[in-house]
Amino acid sequence: WHVAKYFQNDGIAFYYIKPQFHLTFYGFEWVRPWPGDWMYVHFAVMGLAALCVLLGCCYRVAAVVLFLTFTQQFLIEKSLYQNHYYLMSLISFLMIFIPAHRACSVDALFRPAIESATIPAWTIWLLRVQLGIVYFYGGLAKLNGDWLRGWPMRIWLGRHNDFPVLGSYVHEEWCVMFFSYGGLMFDLLIVPMLLWRPTRIPAVLIALFFHLMNANLFNIGVFPWFMIGATMIYFSPSWPRTLLHKLLQIPGKSAAPPTLSKNFSPSRGQKWTAALLGIYITLQLLIPFRQFLYPGSAIWTEEGHFFAWQMMLREKNVGIRFYAHDPTTGKQGVIGVRPYISERQMRRLGKDPEMILDFVHYLHGKMLELGHEEVEIRVLALASLNGRKPQLLVDPEV
């Protein structure tokens with residue numbers, strides 16, 4: 001779906017080939033687009049790898065290729081960051097180590113020796129924990145004053161006057177609070193409800209409603225559909241077989257999982273697996289909290305915003321202008337930045353002081369190339385956060 005969309009809208013050229021400048025993540029400045037039209041090949045290979053993972057064809061190789069191609073595309077342009085792209089990168093990484101090709105796959109069809117009715121329990125729990133972190137940390141992030149007062153949900157709902165049925169109520173305070181507190185409670189409680197069997201079916205129905213509403217109200221791409229499908233991982237691992245056996249009236253195969261003997265001693269490989277899993281989960285639990293190491297609020301400064309599941313917490317309306325200042329003559333003029341940066345980059349850049357600084361360094365280099373030996377770049381950036389009065393985001397005198 002992701003790859004097809006990029007080909008359909010020619011987003012490959014718009015986002016990766018045409019821009020002269022790319023906003024990169026700290027430490028990953030070396031990740032660049034392929035030269036010429038090779039990004040088209042990159043996306044084609046990514047799509048083929050995803051199809052092979054889906055079919056379980058050359059699974060291990062395909063999973064590695066999918067992770068590398070998707071993650072490179074994700075890291076090239078920071079202005080395109082979405083939490084679900086980060087999640088998809090993590091899931092594609094985990095799929096490298098999960099033996100998802102042991103059943104119902106092309107690999108198992110042509111290599112019967114690898115077929116198995118069981119897999120280690122940690123593989124399923126790893127996916128459950130990863131998805132649970134996304135939900136729970138998304139809920140924790142909503143425990144802030146703006147969200148609890150109905151911002152920015154009040155702004156977003158106000159744009160949907162024409163939405164069927166709901167459109168008549170989007171400006172009502174009860175509707176705003178229903179969606180704000182409903183989203184908060186959903187994120188915090190959905191995983192426990194999915195894990196507990198008596199509440200599992202109601203939880204699935206609630207999740208279905210929640211994600212379908214998100215898909216129709218907000219432009220967040222594949223994320224709602226991805227999460228609807230991923231919800232099934234919280235069911236009993238045998239549910240697909242059980243369903244097929246009932247529908248096709250095929251006697252079910254009983255697959256008894258291996259039991260541990262009293263004298264069980266983990267192998268060196270199992271110890272390494274446990275250690276690496278512990279490190280991975282620990283990092284996933286700690287990284288979202290790094291925002292508290294920075295001064296100020298992350299939804300204003302953007303420091304610690306990435307990789308922290310800060311989902312849909314702010315509506316930032318911005319206006320930004322770049323000036324070149326000659327310190328010897330005192331002359332100052334507006335810099336036309338359209339030749340250097342796309343509209344999408346500009347919209348995202350204006351919200352983030354660090355991105356502004358990255359682009360300013362690039363602009364300074366361009367000014368030097370044009371023969372301006374001494375030039376200062378200054379920025380007038382005004383931002384309105386969640387309906388507040390616009391304020392300066394950076395110091396225009398620096």
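Which residues is Phe359 in contact with, leaving aside its neighbours within four places in sequence? I looked that up before anything else. Phe359 is in contact with Phe21, Phe322, Val337, Tyr340, Ile341 and Leu349, where contact means heavy atoms within 4.5 Å.

**Ground rules**

I am working on a predicted model, where local features need pLDDT of at least 70, side-chain atom pairs count only at pLDDT 80 or more, and totals for chains, interfaces and linings use all residues. Residues are numbered from 1 along each chain as its sequence is written, and side-chain values use heavy atoms, with hydrogens and water left out.

**Whole chain**

I noted 17 helices and 4 strands in the protein chain; these are DSSP runs numbered from the N terminus, helices being H or I with at least four residues and strands E with at least two. Along the principal axes, the C-alpha atoms fill a box of roughly 85 × 50 × 45 Å. Of the 398 residues, 44% are buried (under 20% relative accessible area; exposed is over 50%, partly exposed in between, with a 1.4 Å probe and protein chains only). Among contacts with a separation of 6 or more, 67% are between residues 24 or more positions apart.

**Core**

I went back to Phe359 here. The largest nonpolar core has 99 residues, and Phe359 is listed with Phe74, Trp309, Phe322 and Leu349 as touching the most other members. Helix H4 (residues 59-76) gives the largest share of this core, 9 residues. A nonpolar core is a set of buried Ala, Val, Leu, Ile, Met, Phe, Trp, Tyr and Cys residues joined through side-chain atoms within 4.5 Å.

**Two positive phi values**

Trp309 has phi near 55 degrees, positive in a residue other than glycine. I find Trp309 in the loop between helix H15 (298-301) and strand E1 (316-325), and Trp309 counts as buried because its relative accessible area is 1%. Cys104 also isn't a glycine, and has a positive phi of about 55 degrees. Cys104 sits in the loop between helix H5 (83-95) and helix H6 (106-110). With a relative accessible area of 77%, Cys104 is exposed.

**A cis bond**

I checked the peptide bond from Trp151 to Pro152: it is cis, with omega near 5 degrees. Pro152 belongs to the loop between helix H8 (145-148) and helix H9 (153-157).

**Arg378**

Is Arg378 buried or exposed? Its relative accessible area is 18%, so Arg378 is buried. I place Arg378 in strand E3 (residues 376-385). Its side chain makes a polar contact of 2.8 Å with that of Glu376 (a pair of N or O atoms within 3.5 Å; within protein, one must be able to donate a hydrogen and the other to accept it, and residues adjacent in sequence count only if both atoms are side-chain atoms). Beyond four places in sequence, Arg378 is in contact with residues including Phe322, Tyr323, Pro396 and Val398.

**Leu194**

Leu194 is in helix H10 (residues 173-195) and is buried, with a relative accessible area of 1%. Not counting residues up to four places away in sequence, Leu194 touches Arg200, Ala203, Val204, Thr231 and Tyr234. Leu194 and Ala207 are 13 residues apart in sequence, and I noted 9.6 Å from C-alpha to C-alpha.
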